[in-house]
Every structure is written in C-alpha cells, then in structure tokens.
Amino acid sequence: MMIKKIGTAYKIAGIFIALAAVVSCKKNSINAAQLTLGNITDTIPAGGGAVALTFNSNAAWSIDTTGLGWLKLSQTSGGSGAATITLTGAANNKLGASRSLLLNLNAGNGQIRRITVWQDVIIYPSYNTSAIAADASGMSSTASQIANNITYGWNFYNTLEAPGSEQGSWGPPPITQQQFDMLKANGVNAVRIPIRYDGTIANGGHVINTKTAQIDPVWLARIHQIVQYAINDGIYVTINIHYDPGNNNGNNGNNPSTQPTGAVQDTANAKHKAFWEQIATAMRDFDEHLMFASLNETVGTDMSSMLAVMRYHQTFINAVRSTGGKNVYRTLVIQSPSASTDILNQYLDPTNVYKTPSLPTDPTPHKMMLEFHYYSPSQFCILGGDASWGKELYFWGSRKTYFVNGKYDTYHTTNTLFLDRNCSYNEENYADSIFKTVKKRFADKGIPLFMGEYAPQYHAERLTGYPADSLKALASATHFTAYIAQQAKANGVIPYLWAGVFNRPSGAAAYVGDQVTLDSIKVGVNRGIAAYGQGTPFK
C-alpha cells in the first residue's frame, strides 16, 4: 500500500511538473519575437497611390494615427495572425517639398516597429509616358542564377563617364564591338559600364533641358548601341548612373563631402527618378543580360546620409519597375553607401530587424544584387604617390606564395630602402574575413553580391634602378588581383576589375596587355568557384 501511495505521489508530482512545463512553454511562446516586420521605409508615388504592408503578429497590434493628414490607412489595429495594411497617399504632391511620416506599429508582445513613409515632390515631368505590360520572356533567371552564370567582370572605365563626348577625353577610345569580342574570346562574360548623364552638354553632361531633366536622345541611342554589342556576344552588361544627381550636376566628382538635404535633396531625388524613367524606357527590350545599377559611391557615413542613399535606391526601383515590359523582371543592383563593405555589414544586415535604414523594397522578388567596391588597403590600391594621410605602399601579400630564386617567399621587400612600403594591414587574412562575412550575411540569404570595382595601383615605376623590387611590386599586384577574385568567387561575390589586363589603344584593336595577370585571375576564379561549390568557371 505504501508503494502505491508513493507511486501515486510521483504521478501527481509528474502531472504538476508537466502542467508547469506547458504553462512555461506558453509563457515563452507569448513573449517570443513574432512580429515579422523590420524597421522599413516605404514610398508613396508623388502622383498619389497606395502600397501594401504585410506582416504576421502573435499578438494584437495597433498604429498611432496622430497627425497622419495626407496618408490614409486601411486598418489601424488588429488581432494576432496575418495582416495587410494599405497605405494610400493623397494625389499630386506639388507642395514644393517631399513629405514623410513615421508610423509606430505596436504589438501586444512588447515589440515596436518604425515605418517611415515618404512621398516625393513633383518637380520634373514624368517620363514614364509609354509604360507597357509586364513581359517575362528572356527574364526567367533570378539574381542568384545570373550571379552563378557570371565568370568574371571588367569595367569600361574612363569612357562613358568621362566629361563631354566618348571620344577619348580621359584616354580610352570609343567602345566597339571588337572590344567585346576580345573579352569574350578570353572568357570574360560580364562588363560594367559607368555612365555620366547629369550636367548640360556645355559643361560635360548629357542633359539637353535642365528644367525638365531631359537626357539627350542621341546619348541614349549610343548607350543602346553599346549594350547591343554586349548582347551580341552573350555578355552580361550593367549600366549605372555614375554621378550622384545631387552633387552639383556631376561636375565635382562622384564623392561629395556632404549629402544634400531639404529641397536640394528633393530635387536630386526627383532628377534620379526622371533619369531612370528615361534610361529604363530606352533599354526596356533587352533581355536579362542587361542589369541596371542605381548609383556609384554616393557618400553615406551617418544615419541621415544613409537614408538619403536608400531613398535614391527606392526611387530607382520604383522608376524602373513602373516602365513595364522586361523591366518588371530585370535584375537591379543596389550599392552600399560609399560602396563600403563595412557599412554593408554594419547597417544593412538583413537578419537584423532593428536596423535603420533597411534595404529598399522591390515588388519583384529575387531580382536584387548588392554592390560594394574593394580598394583595400587604399595606400596600395589607390595612391600613386605619397599623400598627407599616408605613404604609397608598393608590396601586398604576407603569405609565402611568391616563387623566386627557387624558393617561396612573401611579397614584402627586404630592401631596407623600401621597408616602409610594405603593407602591414588588410592583406590576405583581412580579405578572407571580410568576404566570409558578406557571404554569411547576404549571399547565404539569397542576395548575391556584386563587387563592381577593385584593382591595385601600378607601383613598379617608383622602383626604377631596383629590378628585383620592381618585379616584386608587379608580382604583388598580380597576386592581389587574382587573390581578391578568388576569395570573392569563394564567397558568392562577382568580381569586376576596374582597370588593367586588357588594353584599348586608339585606332587599333583591343588586346590582352597582361597575360600573366589574366592567367592568374583564371586560376584564382576557378579555385574560388570550386570552394564555393557552384558557378561558371573559366574554360
């Protein structure tokens, strides 16, 4: 009998323990993070319209409607489960300035999300006057699939982004079909073409009416012709706006010291919309081999400037998609503020729902790439002479992979005259780390990465009279170019070399100018693809 009582006591205790566990699980479930929405920024078209906001919550939710004014919400509260709110903006914002509202979405589980809603001001006429129905033919690949199809990329630098005409104002000659044929013959199947639009023709730009932001149709026709050259060879081609429309008509470089604010930013953003409506309409019939990139190296280092950059990108997406046709499904490239990997990792990690700002919203899923540039360390990649902030560095590579005089050594010099020209930071270990980080945060989440520019500076000319060091500087540049390509491909990143390897002389055929570096790139790319487990290698 005593045994039965003890058994009964254990059974009763077990029931209490089980009940406690159930209560505990329910309590933990209630408190779990279940509001499936991050802090976001959405845009109402300047002419009026609506956007949908969809999310799930495991608790009742509400939105404070104080001071909404021009914005109407289809629903301001709800219970747990799936919800869709339609945000409708008043038509035709011609008030002279953009307007925005901050909505606070409060859930009963203690979570709060901030939703910023913009409506831009109407400054320039709409160039989306011939929108057509969506056309998915030739556009079936996702951005990730296109990234896997691209072996290696190269920039047509200092050409269409140069001031004035294409006729060699910064050195290289006009782009020809033969130049694309040469790239294809050497296994390069993607190009990036930086392009200037802003500014009048008189001051080096291609706008024929500054009051309406109209691009010269002759310039658009020339770009169309060049894109066709790429398509003829089955080469993927990306065109961009290389100069931020907010930086004084594109004449002071593409790196303004400050971001425009207020009415100046409104005008710049409206210009971005007008430009992309014209570009997208003119290029609308090309298949998925053509990609559009919003901007280039537009400064974003603090919260206000980063929000301005994301605003440009959202305007870009809205403008391109609105033109219809194949543009509804075209892969679009969004650049990190300042084209920085550090900013990309710190502020735009898609797994961080609390981040501000967030990536722009694209109504077409799986058609976005994220761009950054890699010029690190800058004293090796950029400096062609000493600067106030640092010395030019000639030698990059701390691993013993440089084979000379029958043995392997690092790429650092041992010549006491040039010891201070060795890189001491951001060499192979840094590259390994930064590329693994962007893979984890973006490529592994289905967002392919586009390294739109990278290149070393040419340093050997500083070493005249020191042949061993001159050769080591050349070998160091080759090592950098190949190693960065390898690590990029090993981590889901498409590398585009800014300059070098291929020569385009005026009045003569383009050719391979640096076969050693090209061969090293091919080896590096194929090793990277093997490590990544997918991609299209050099043959």
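Me: Of the contacts in the protein with a separation of 6 or more, what percentage comes from residues 24 or more positions apart?

Reply: The model is predicted, with local features needing pLDDT of at least 70 and side-chain atom pairs counting only at pLDDT 80 or more, while totals for chains, interfaces and linings use all residues. Residue numbers start from 1 along each chain as its sequence is written, and side-chain values use heavy atoms, with hydrogens and water left out. Contact means heavy atoms within 4.5 Å. Among the contacts with a separation of 6 or more, the part that residues 24 or more positions apart account for is 73%.

Me: What percentage of the 539 residues counts as buried?

Reply: The secondary structure comes to 11 helices and 24 strands, these being DSSP runs numbered from the N terminus (H or I of at least four residues for helices, E of at least two for strands). Buried means under 20% relative accessible area, exposed means over 50%, and partly exposed lies in between (1.4 Å probe, protein chains only). Of the 539 residues of the protein, the part counted as buried is 52%.

Me: In which hand does α9 pass α10?

Reply: Helix α9 (residues 428-441) packs against α10 at an angle of about 25 degrees, with the axes 9 Å apart, and that makes α9 roughly parallel to α10. Glu-428, Ala-431, Asp-432 and Phe-435 in α9 meet His-479, Tyr-483, Ile-484, Gln-487 and Ala-488 in α10. A crossing is left-handed if the near helix is turned anticlockwise from the far one by less than a right angle, and right-handed if clockwise. The crossing in which α9 passes α10 is right-handed.

Me: Into how many nonpolar, polar and charged residues does the contact of α5 with α6 divide?

Reply: Helix α5 (residues 262-282) and helix α6 (residues 303-322) pack at about 30 degrees, with their axes 9 Å apart. The contact is made by residues including His-272 and Trp-276 of α5 and Tyr-312 and Phe-316 of α6. For the classes, Ala, Val, Leu, Ile, Met, Phe, Trp, Tyr, Cys and Pro count as nonpolar, Asp, Glu, Lys and Arg as charged, and the others, Gly among them, as polar. The contact of α5 with α6 divides into 8 nonpolar, 4 polar and 4 charged residues.

Me: With the side chain of which residue does the side chain of His-459 make a polar contact?

Reply: His-459 lies in the loop between β21 (449-454) and α10, and His-459 is buried because its relative accessible area is 2%. A polar contact is a pair of N or O atoms within 3.5 Å; within protein, one must be able to donate a hydrogen and the other to accept it, and residues adjacent in sequence count only if both atoms are side-chain atoms. The side chain of His-459 reaches the backbone oxygen of Phe-380 at 2.7 Å. Its side-chain partner, at 2.6 Å, is Glu-392.

Me: Near what value is omega of the cis peptide bond from Ser-376 to Pro-377?

Reply: Most peptide bonds are trans. Pro-377 is placed in the loop between β18 (368-374) and α8 (378-381). The peptide bond from Ser-376 to Pro-377 is cis, with omega near 5 degrees.

Me: Near what value is phi of Ala-339?

Reply: Ala-339 lies in the loop between β17 (332-335) and α7 (341-347), and Ala-339 is buried, with a relative accessible area of 4%. Phi of Ala-339 is positive, in a residue other than glycine, and lies near 55 degrees.

Key. Axes are lines fitted to C-alpha atoms, for helices over the stretch in contact, and angles run from 0 to 180 degrees between N-to-C directions. Angles under 35 degrees count as roughly parallel, over 145 as roughly antiparallel, 65 to 115 as roughly perpendicular and the rest as oblique.
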